Amino acid sequence: MASLRSFLRSGKNAVSAVLRREFHGTPPAAVQVTVRDALNQALDEELERDERVFLLGEEVAQYDGAYKVSRGLWKKYGDKRIIDTPITEMGFAGIAVGAAMAGLRPICEFMTFNFSMQAIDQVINSAAKTYYMSAGLQPVPIVFRGPNGASAGVAAQHSQCFAAWYGHCPGLKVVSPWSAEDAKGLLKSAIRDDNPVVFLENELMYGVPFEMSEEAQSKDFLLPIGKAKIERQGNHVTLVSHSRMVSLCLDAAAVLAKEGIECEVINMRTIRPLDAEAIETSVMKTNHLITVEGGWPQFGVGAEILARIMEGKDFFICF
Amino acid sequence: MFTLVTERENPTFEKIISPIIDVPPSPALITVKSPIINPSPSPAQLTPAVANSMVVSARTYADFTPQATFDIKKCDLHKLEEGPPLQAVLTREEGLQYYRTMQTIRRMELKADQLYKQKIIRGFCHLYDGQEACAVGIETGINLSDHLITAYRAHGYTLTRGGTVREIMAELTGRRGGIAKGKGGSMHMYTKHFYGGNGIVGAQVPLGAGVALACKYLGNNEICVCLYGDGAANQGQIFETYNMASLWKLPCIFICENNKYGMGTSVERAAASTDYYKRGDFIPGLRLDGMDVLCVREATKFAAEHCRSGKGPILMELQTYRYHGHSMSDPGVSYRTREEIQEVRSKSDPISMLKDRMLSNNMASVEELKEIDVEVRKEIEDAAQFATTDPEPPLDDLCNHIFYNDPPMEVRGTNPWTKLKSVS
């Protein structure tokens, strides 16, 4: 168990893939896949599976994607399914939402989520709230995806984390994958979900390779939205994180392990709905909690987690 | 031919179909002897027993003109070689239906005004009286299988797109019999292929283009009519939408309902160019009289043909007027004079215009139209009665419909120990 867990740890330290020899007649087991390629696979598989799915955004088609996430898709699926848009976020996000209302299943890419602020009215008021306001008459099956949070030296306007902003709103599901497996399984689930999903990737994770199990390589590999994953078991302190910061937590856990402190690292995977149960169960065990995120602390994801724990039924028992 | 159909199961509503009488078009003022035509029965009356008795008790004293041709005003054109025809043919059946529907919208809005003042309707209420010819004219130019989206002044469109007066009024009063179960209110009413009812000014325009994209994608030969007002016409996202709709040749009719005022701001004070039909620049445009239902119908047919033939989007500006203020909290006389409102009412009222046309061409009798008025009033009264007495939605409906097709979940209530149930 422990060795399997060490396999799945931060890609930078991952040992080379375990490849069974062909002459045994069994297919290769785990392979190394970058987050970018995992996302690309997910997009490709879902485009193939359902005619109604299409991708639109800036540079997604002929440029192969600003960060090459949609590489090869335009060549394969053409202009109808992979649509380059002008630099008009509010307009094309609205068009995507309208297409979803009329029965298609769009994937709307924001080059980074910072630009989604231009279109945030369409995400919240037109997408998230509509099913409720129509009392169940009008669903909006759309995915908004793109890189979120800090990158490498891109300055203030290009570095904001939107997990807390979108996580605030009912009617939206907000997902924040970390590993390649997360990226693929959660993106596929997001596309198949009949509700508006905000899919927060991270640019610095795109190039990071992860072990991808055989199961994860299948075309029907889905991960449930709303369930966190325990990346590392431990008894002394719980570290809760999402996206790129999970790597940081695992690195910290490795350092602390040398001092005999065993951290339990939880990868949230989903911001909304929050898997408070997983965090509570862990805190009941360790009695210590640290939240680690890339967003600002005030009114943030960590603040919400702490509030939930404090309001939880077991808080005083923890004491 | 305009038919008022609700997609829902509604026992009191049936598709109104009238035979088209095959008589060559006659000059407007000549009375032609024609076979007796049964006046269109109202939906409430069309039971088999009544239908049978109608044949026997049809009016025998009046021979009505089955149809007439009317001259309609020429449209101003932008980037178009030709416009809609300068004449419109109106059959007696069509005329009666347009009259009935416009009158229904008018009386429904006036009733809403009354209920609002009695505090039975609360919140936002943006009334459509004065603009009836737009909603009715547009619907007659498209099919029910086409799509339509508008902003918050949406009660008229909810009706023409298949909603019933009962459901609309009950939604205004926030009751469970409302078209959105009482959870949407005035601005969030939906029917099949009608996407509301949108509260954010201008946001519906990209949505409409998205619906048009879906029509093109699915290859179903349907189009989307996308409405906005003179106030919204200056929104940036509308220009973003013009660009993409034109680039991708989306089958979208953009329609600006120019009622001269964006809330309290007149068009001259808000727009550097009030030629809204030209604001699409590279998109061809028409400007027409939005108080004339025939004008609106012909222009819509022309525009729909343009879109369906793959030429891309087209823009229509309907010059119209609202009698009420922007909403119920606006008396509507601080930024315009009562004389102006009175003048429009007396000279350009859409219902009066149609009525005069029909009467002066002997297409209907005064009594017949009065009878329609009475029936409409009754329908509105019944609906208002229902809307006032129907119970509010149950409290456990509060958290429902957050997600679609999801297993039931718990939602935090006002404190950490109150958990509310939410089902799809």
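Author: A salt bridge is a side-chain nitrogen of Lys or Arg within 4 Å of a carboxyl oxygen of Asp or Glu. The model is predicted, so local features need pLDDT of at least 70 and side-chain atom pairs count only at pLDDT 80 or more, whereas totals for chains, interfaces and linings use all residues. Residues are numbered from 1 along each chain as its sequence is written, chains are lettered from A and ligands numbered from 1 in the order in which they are written, and side-chain values use heavy atoms, with hydrogens and water left out.

Reader: How many salt bridges does the structure hold over all chains?

Author: Side chains of opposite charge can pair when their charged atoms come close. Over all chains, the structure holds 40 salt bridges. One joins B:Asp406 to A:Lys173, with an N to O distance of 2.8 Å. This pair crosses between chains, from the loop between H12 and S11 of chain B to strand S6 (residues 173–175) of chain A; helices (H or I, at least four residues) and strands (E, at least two) are DSSP runs, numbered from the N terminus.

Reader: Is A:Lys173 buried or exposed?

Author: Buried means under 20% relative accessible area, exposed over 50%, and partly exposed in between (1.4 Å probe, protein chains only). A:Lys173 counts as buried because its relative accessibility is 4%, while B:Asp406, at 22%, counts as partly exposed.

Reader: Over the face of which residue does A:Lys173 lie?

Author: A charge sits over a ring if NZ of Lys or CZ of Arg is within 6 Å of the ring centre and within 35 degrees of the ring normal. A:Lys173 lies over the face of B:Phe403, at 4.8 Å from the ring centre. The charged end of A:Lys80 sits over the ring of B:Tyr217, 4.5 Å from its centre.

Reader: Why is the pair of A:Tyr131 and B:Tyr404 tilted?

Author: A pair of aromatic rings is described by the distance of the centres and the angle of the planes. Rings of Phe, Tyr and Trp (its six-membered ring) pair if their centres lie within 6.5 Å; planes under 30 degrees apart count as stacked, over 60 as edge-to-face and the rest as tilted. The search finds 14 aromatic pairs over all chains. For A:Tyr131 and B:Tyr404, the centres are 5.3 Å apart and the planes stand at 50 degrees, so the pair is tilted. A:Tyr131 belongs to helix H6 (residues 130–133) of chain A, and the pair crosses between chains to B:Tyr404.
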